[in-house]
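Please look over the sequence and the structure before reading on.

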Amino acid sequence: MKKGEKRKKELLKIAYDMFLTQGYENTSVDEIIEKAQIAKGTYYYHFQSKEQMLEEVIDMMIDSETKMAEQVIGMDISVPQKIVMILTSMKPTEAEQPIKNALFQPENVLMHHKVRQKLINILTPILSEVIKEGVDEGIFECDNIPERVKMLLIISDGTFNEGTFSEQDISVFIDMTEKLLGAEKGTMSFIYGLIDKSDMEAVE
């Protein structure tokens, strides 16, 4: 690894740690520079802005999550377990939630869109491989698997990450997933436990 690349990785690790402990909004570029003990010019040689640094910190997180998700494919576990582990691998940890929350700031809307698209592009081939395994085992019965997986990811993201949703929304999504993949009713009920219900509509 070249010296400049190593320095950039070190800065990203420092920023990652500070975003976790202080929050993205409460961490200034000057604090990162002071912590790294570098000149301001060195920082701006690698990053045009704090927003660019945030995006690259998130890319670093996604790369780490992707490696874990890819390892699941070869595990000797059931297809539903693989799906659960892959989707769980691609979620930020509870400690990383402050970094994820920064994406929902109005000024980061374009970055949020780019990250969502990247996650869909990464997850589609990984999940498609597991769904193909499920087809071979008779769990699913479908063709055009990557297209079906991509559609499910887009609908899931739009439904569960873009505002409030209801118990009925979850039920319909599970039912739709089973039909889209040609699975028996109840096969995908484990999805219920994967959904972050913090934005679920309150039951009157």
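With which residue does Asp 17 form a salt bridge, and how far apart are the closest N and O atoms? The partner of Asp 17 is Lys 13, and the closest N and O atoms are 2.8 Å apart. A salt bridge here is a side-chain nitrogen of Lys or Arg within 4 Å of a carboxyl oxygen of Asp or Glu.

This is a predicted model, in which local features need pLDDT of at least 70 and side-chain atom pairs count only at pLDDT 80 or more, while totals for chains, interfaces and linings use all residues. Residues are numbered from 1 along each chain as its sequence is written, and side-chain values use heavy atoms, with hydrogens and water left out.

**Salt bridges**

- The count comes to 12 salt bridges by this rule.
- Asp 17 and Lys 13 are 4 residues apart in helix H1, and are therefore separated by about one helical turn; helices are DSSP runs (H or I, at least four residues), numbered from the N terminus.
- Asp 17 is partly exposed at 30% relative accessibility, and Lys 13 is partly exposed at 42%. Buried means under 20% relative accessible area, exposed over 50%, and partly exposed in between (1.4 Å probe, protein chains only).
- Glu 10 and Arg 7 also form a salt bridge, at 3.9 Å from N to O. Both lie in helix H1 (residues 3-22), 3 residues apart, about one turn of the helix.
- Glu 10 has a relative accessible area of 36% and is partly exposed; Arg 7, at 30%, is partly exposed as well.
- Another salt bridge joins the side chains of Asp 30 and Lys 40, with 3.3 Å between N and O. This pair links distant parts of the chain, with Asp 30 in helix H2 (residues 29-36) and Lys 40 in helix H3 (residues 40-46), 10 residues apart.
- Asp 30 is partly exposed, with a relative accessible area of 46%, and Lys 40 is partly exposed, with 46%.

**Helix H2**

- Val 29, Ile 32, Ile 33 and Ala 36 are buried in H2. Seen down the axis of H2, these buried residues fall within an arc of 100°, so they line one face of the helix; the arc is that of the directions from the helix axis to the C-beta atoms.
- Glu 34 and Lys 35 are exposed on the other side of H2.
- The buried residues of H2 pack against H1, H3 and helix H4 (50-73), where contact means heavy atoms within 4.5 Å.
- Gln 37 follows H2 and has a positive phi, near 55°.

**Antiparallel helix pairs**

- The axes of helix H5 (residues 79-89) and helix H7 (residues 109-136) come within 9 Å and cross at roughly 170°. Axes are lines fitted to C-alpha atoms, for helices over the stretch in contact, and angles run from 0 to 180 degrees between N-to-C directions.
- H5 and H7 are therefore roughly antiparallel to each other, a label for angles over 145 degrees.
- The residues in the contact of H5 with H7 comprise 9 nonpolar, 1 polar and 2 charged. Ala, Val, Leu, Ile, Met, Phe, Trp, Tyr, Cys and Pro count as nonpolar, Asp, Glu, Lys and Arg as charged, and the others, Gly among them, as polar.
- The axes of helix H8 (residues 145-160) and helix H9 (residues 167-181) come within 11 Å, crossing at roughly 175°; H8 and H9 are therefore roughly antiparallel.
- The contact of H8 with H9 has 9 nonpolar, 3 polar and 2 charged residues.

Terms used: Helix = DSSP H or I, 4+ residues; strand = E, 2+ residues; numbered from the N terminus. Parallel < 35°, antiparallel > 145°, perpendicular 65-115°, else oblique.
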